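Please open the structure in your viewer and keep the selection panel at hand. Each stop below gives a selection and says what is there.

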Amino acid sequence: MLKNKLDYIRQPVTLSISKNVCNSLLIFALGIVLGLVSKVLDETPSNMLPQILQPLDLGNFFSRMGFWLFSGICVSVFSSNPLRAALNTFLFLAGMVGSYYAYTVFVAGFYPKSYMMIWVGMAILSPIPAFVCWYAKSTHIVSLCISTVLVMFMARQAFVFGFWYFDVRYPLELLLFLGTFGVLYKTPKQTLLIGISGMMLFFLLSRCDLMFGLL
């Protein structure tokens with residue numbers, strides 16, 4: 001009964017077992033590659049990169065939450081069903097965290113246990129939000145609500161808001177914020193609605209953060 005209700009929100013796509021396995025392995029491999037790229041860039045001084053890439057500060061970009069949040073959203077919503085979304089997102093983050101910290105420990109000779117455990121915990125828990133996130137790629141009211149929350153999270157990565165200012169945190173994360181609308185695109189009216197609602201929720205929560213910060 002519950003499955004039927006959830007299928008009404010978004011209809012799963014049926015793929016062959018071999019296709020599902022192949023997709024999951026590719027996603028896992030992508031996570032491994034991106035984890036290694038992230039760590040190598042983190043270890044490489046910006047002035048050692050090609051001049052065209054130096055202003056982008058890619059080392060910090062891949063170390064920030066925005067890129068991985070956006071990647072998780074993409075992996076989730078483009079999976080064939082919510083269970084595959086949960087599995088694929090876990091494999092992606094497991095590959096990323098595993099390769100990143102394997103390089104950190106065995107190549108860089110550094111063991112940041114507390115920080116590493118945070119990312120390990122996020123990877124372990126990722127199937128739960130990924131399962132929910134899969135339903136964002138639809139026009140159902142539930143999908144609109146989920147999309148609004150996702151837009152809010154991406155806005156918190158892209159923007160900083162205070163009593164007297166509103167600014168972009170990082171230009172590349174602004175591109176990810178805009179890319180989120182492409183990933184979650186529905187009808188023009190619904191896309192505009194989730195954009196406005198997500199930004200309102202962002203401002204509201206940012207205001208609450210400021211108020212609690214003053215207490």
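The model is predicted.

**Stop 1: salt bridges**

How many salt bridges does a search of the whole structure find? The search gives two.

Select K39 and D42. Their side chains meet in a salt bridge, 3.7 Å from N to O. Both residues sit in helix α2, residues 17–43. They are three residues apart, about one turn of the helix. In an α-helix, residues three or four places apart point the same way, because there are 3.6 residues a turn. Now colour by accessibility. K39 is buried, at 5% relative accessible area. D42 is partly exposed, at 34%.

Next, select R64 and E173. This pair also forms a salt bridge, and its closest N and O atoms are 2.9 Å apart. R64 is in the loop between α3 (58–63) and α4, while E173 belongs to helix α9, so the bridge ties together parts that are 109 residues apart in sequence. R64 is partly exposed, at 28%.

**Stop 2: aromatic rings**

Show the rings of Phe, Tyr and Trp. The count comes to 16 aromatic pairs. Zoom to F67 and W68. Why is this pair called edge-to-face? The ring planes stand at 80°, with the centres 4.9 Å apart, so the pair is edge-to-face; the cut-off for that class is over 60 degrees. F67 and W68 are both buried.

Move to F159 and F202. Here the ring centres are 6.3 Å apart and the planes are at 55°, so this pair is tilted. F159 lies in strand β1 (residues 159–161) and F202 in helix α10 (residues 188–214), so the contact ties together parts 43 residues apart in sequence. F159 is buried at 7% relative accessibility, and F202 is buried at 2%.

One more ring: select W134 and R10. R10 lies over the face of W134, 4.1 Å from the ring centre.

**Stop 3**

Select residues 141–158, helix α8. At 1.5 Å a residue, its 18 residues should span 26 Å; the end C-alpha atoms are 26 Å apart, which agrees. Its buried residues include L144, L150, V151 and M154. S147 is in this helix and is buried, with a relative accessible area of 0%.

Then take residues 171–183, helix α9. Its 13 residues should span 18 Å, and the end C-alpha atoms are 19 Å apart, which agrees. Among the buried residues of α9 are E173, F177 and F181.

**Stop 3: a nonpolar patch**

Which helix gives the most to the patch? Helix α6, residues 113–125, does, with three residues. M65 lies in helix α4, residues 65–77. M65 counts as partly exposed, at 32% relative accessibility.

Conventions: Residues numbered from 1 in each chain as written. Predicted model: local features only at pLDDT ≥ 70, side-chain atom pairs only at ≥ 80, totals over all residues. Heavy atoms only, no water. Helix = DSSP H or I, 4+ residues; strand = E, 2+ residues; numbered from the N terminus. Buried < 20%, exposed > 50% of the residue type's maximum accessible area, 1.4 Å probe, protein only. Phe/Tyr/Trp six-rings, centres within 6.5 Å; stacked < 30°, edge-to-face > 60°. Lys NZ or Arg CZ within 6 Å of the ring centre and 35° of its normal. Expected span 1.5 Å × (residues − 1). Salt bridge = Lys/Arg side-chain N within 4 Å of Asp/Glu carboxyl O.
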